[in-house]
Structures are given as structure tokens and as C-alpha cells.
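This report describes one protein chain for a reader who is new to structures. Please keep the sequence and the 3D view at hand while reading.

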Amino acid sequence: MATLRELRDRIRSVNSTKKITKAQELIATSQITKAQQRVAAAKPYADELKDVMERLAAASSLDHPMLHERENGRVAAILVVTSDRGMAGGYNHNVLKKAAQLERMLNDAGYEVVRYVTGNKGVTHYRFRDMDIAGSWTGWSQKPDWEATHDVRRHMIDGFMAGSEGTVKWREGVTAPEGQEVRGFDQVHVVYTEFVSMLSQEARVHQLLPIEPVLEEYKYEEEHMLSSKEGVEPDMAFEPDPDTLMEELLPVYVSRSLYSIFLESSASESASRRTAMKNATDNATELANNLSREANQARQAKITQEITEIIGGAGALSGSEESD
């Protein structure tokens, strides 16, 4: 009876856990749809802004700090994008592993690394290991919006513009007494999770600042195309001049790029959680079925034993009556 009782208790426990994982799976599924809608809604503006910036890069001769690697750069900032909640499979582990690899690479290149983190899971990871965090922002990993992510976006841009020799004003989330200024940096790298498909999400490293490689590549291609077509006039006129527009739009472009990364990570988090919870639900179903079979076998064995004992007892009684 004890064995059968234990099996039934385990079945109830597994079924109870299964209800939780199934509910989490359904919630994550609905959140994926909303996250994809946010990405789709932001895409037209981001694509148009990128197109304008690429054309400006081809037409402008502006020597802006955001466009070039700094000579004798000494400090690199890493922004690690993690989730606020768990139960998302390897989502956070993969990002943190990729961030550790990037840190080693930057240290080998002679850079001092400063960490910035979004999401409770990343903050907990580094604090548990007594690793310094220069700033952290939490509470919006699942539903990032423009206002909630303002401080982290502005700090990354202002910190880069100040450089490692300069300082930037304190913002909410940065590890420094309120009102004090914070040291800047010479590079900004973002470690996040790219949404490939519903079943595949990959940890990526993106160099946010400087953005020279992307724009310079387009500028070369544009100049090459124009030089191969005599008499071709540019298909876009700029007012005011391209240099002025470039200087004004570069911070907007970088800020929008970082916001797109947050949206991408949000969709990846929901997809990873859905996959993890679906696997957990399937495993719970299989375990409950196996335990049910064991419980049925134990119950059948008990019934067989009771029948055998009854038959044996009846035989003993009939034998004693015949001897009388």
C-alpha cells in the first residue's frame, strides 16, 4: 500500500506541475505574437531611417566620432541583454556565455571592460559571482517600450560621446551616487539574442558604436556605383546639407538600432520560454503516463496477492474441515 500511495502522490505532483508549465506555454505563445507585432510595427521606420543614413553616408564628408574607431581606445562597454524571469531554457545562459567570450577577447586586445546589464537574470548572475556591474535596468525585458528603455539608450550614446577621458551625467540605473558623473567609454558592444524562428534563437554580438564598418561599406558601394554611371544624378536632395543632417540623425539612428535589439530580444525570450515550457509539459505527460503504468502494475500485483491469499485461506479451511 505504501508503494502504491507514493506512486499516486507522485502522479498528482507531476500533473500539478504540468498544469503550470502548460499555462506558461500558452502565455508565452500569446506574448510571441505581441512581440512580433511590435517588431513589425517598428520595422518601417527603422528601415527608412537606415536608408536615409546610408544615403547620407555616401553624400556626407562629416568626420563624426560615432563613425570611426578611436585611437588609443582604452575602455569598452558591454551591454548584456537578459530576461527578468526564468523558465526560458538556455536563453540567458547562451547570452551570458557569449558575453564572457567577448570580455576575454576585449581584454586580450588591451581594453578595460565595463558591464551594463538589462534583466534580473543577468544582474543576479554577475552579483552572485561578485563581478562588478556599471549599470543595470530591469522590469521591461518582456515588454520593452520607448520610454522604459530611454535611460539605457541615452547612457550608451552619451558615454561613448564622452569617451574614456571624459565623464557623463548620472542616469537612473547606473551604479553611482545620484548627481555624480560617470566615466565614459570608447566602444559599445551589445550581446543579445536574435530571433531566427520560433524554434531557433541565437546569441549574437553587435558593435553598436562606432558604426563605421556599416556606413563606410555602403559609402564605398554607392561611390563605386555612381562612378560607373556617367551623368547620373543623386535621387535624393538634402535640406539642410548632408553634414548637418548626419550630425543630428546619428544619435537617433544608434538609439533606434538599440531599441530594435530590445524588441528582437523580447521576441526571442518568449519563443525560448514557449519551447522550454512545451518540452517540460511533454516530459511531465510522459512521466505521468509511466507512473500510471507502475501504479496499475502495483495495484494488479496487490489484487493478485489478495486473491492468492483468499484462495490459500479457503483451501486451508476446506482441508481442516475434511480432517475433522
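The sections below go from the whole chain to single residues and pairs.

## Overall make-up

The structure is a predicted model. The protein has 324 residues, and 40% of them count as buried. Six helices and seven strands are present. Followed along the sequence, these elements come in the order α-β-α-β-α-β-α-β-β-β-β-α-α.

The accessible surface of the protein is about 18,000 Å². Carbon and sulfur atoms hold 51% of that surface.

Thr118 belongs to strand β2, which covers residues 112-118. Is Thr118 buried or exposed? Its relative accessible area is 1%. Buried means under 20%, so Thr118 is buried.

Which residues does Thr118 touch, apart from those up to four places away in sequence? The list is Leu79, Val80, Val81, Thr82, Trp137, Trp140, Val152 and Phe262.

Ile303, Ile307 and Ile311 make a nonpolar surface patch of about 270 Å². Ile303 is in helix α6, which runs over residues 242-323. With a relative accessibility of 34%, Ile303 counts as partly exposed. That category lies between the limit for buried, under 20%, and the limit for exposed, over 50%.

The loop between β7 (200-209) and α5 (212-227) contains Pro210. The peptide bond that leads from Leu209 to Pro210 is cis, and its omega is near -5°.

Two residues other than glycine have a positive phi in the lines of the backbone described here: for Asn72 the value is near 60°, and for Met87 it is near 55°. Asn72 is in the loop between α1 (2-59) and β1 (75-81). Asn72 has a relative accessible area of 71%, so it is exposed. Met87 is in the loop between β1 and α2 (91-108). Met87 has a relative accessible area of 44% and is therefore partly exposed.

Side chains of opposite charge can pair when their charged atoms come close. How many salt bridges does a search of the whole structure find? The search finds 16 salt bridges.

One of them joins the side chains of Arg12 and Asp9, with an N to O distance of 2.2 Å. Both residues are in helix α1, three residues apart, which is about one turn of the helix. Arg12 counts as exposed, at 52% relative accessibility. Asp9 counts as partly exposed, at 37%.

Another salt bridge is formed by Arg55 and Asp51, whose closest N and O atoms are 3.2 Å apart. Why are Arg55 and Asp51 separated by about one helical turn? The reason is that they are four residues apart in helix α1. Asp51 has a relative accessible area of 24%, so it is partly exposed.

## A salt bridge between a loop and a helix

Arg171 and Asp151 form a salt bridge in which the closest N and O atoms are 3.8 Å apart. Arg171 is in the loop between β4 (167-169) and β5 (181-183), while Asp151 is in helix α4 (residues 150-162), so this pair ties together parts that are 20 residues apart in sequence.

Arg171 has a relative accessible area of 12% and is therefore buried. Asp151 counts as partly exposed, at 23% relative accessibility. Which residues are linked with Asp151 and Arg171 in a network of salt bridges? The network also includes Arg154 and Asp158.

Notes
Residues numbered from 1 in each chain as written. Predicted model: local features only at pLDDT ≥ 70, side-chain atom pairs only at ≥ 80, totals over all residues. Heavy atoms only, no water. Patch = residues over 30% accessible without salt bridge, like charges linked within 9 Å, V, L, I, M, F, W, Y side chains within 5 Å. Areas by Shrake-Rupley, 256 points an atom, 1.4 Å probe, with all protein chains shown as cover. Salt bridge = Lys/Arg side-chain N within 4 Å of Asp/Glu carboxyl O. Helix = DSSP H or I, 4+ residues; strand = E, 2+ residues; numbered from the N terminus. Buried < 20%, exposed > 50% of the residue type's maximum accessible area, 1.4 Å probe, protein only. Contact = heavy atoms within 4.5 Å.
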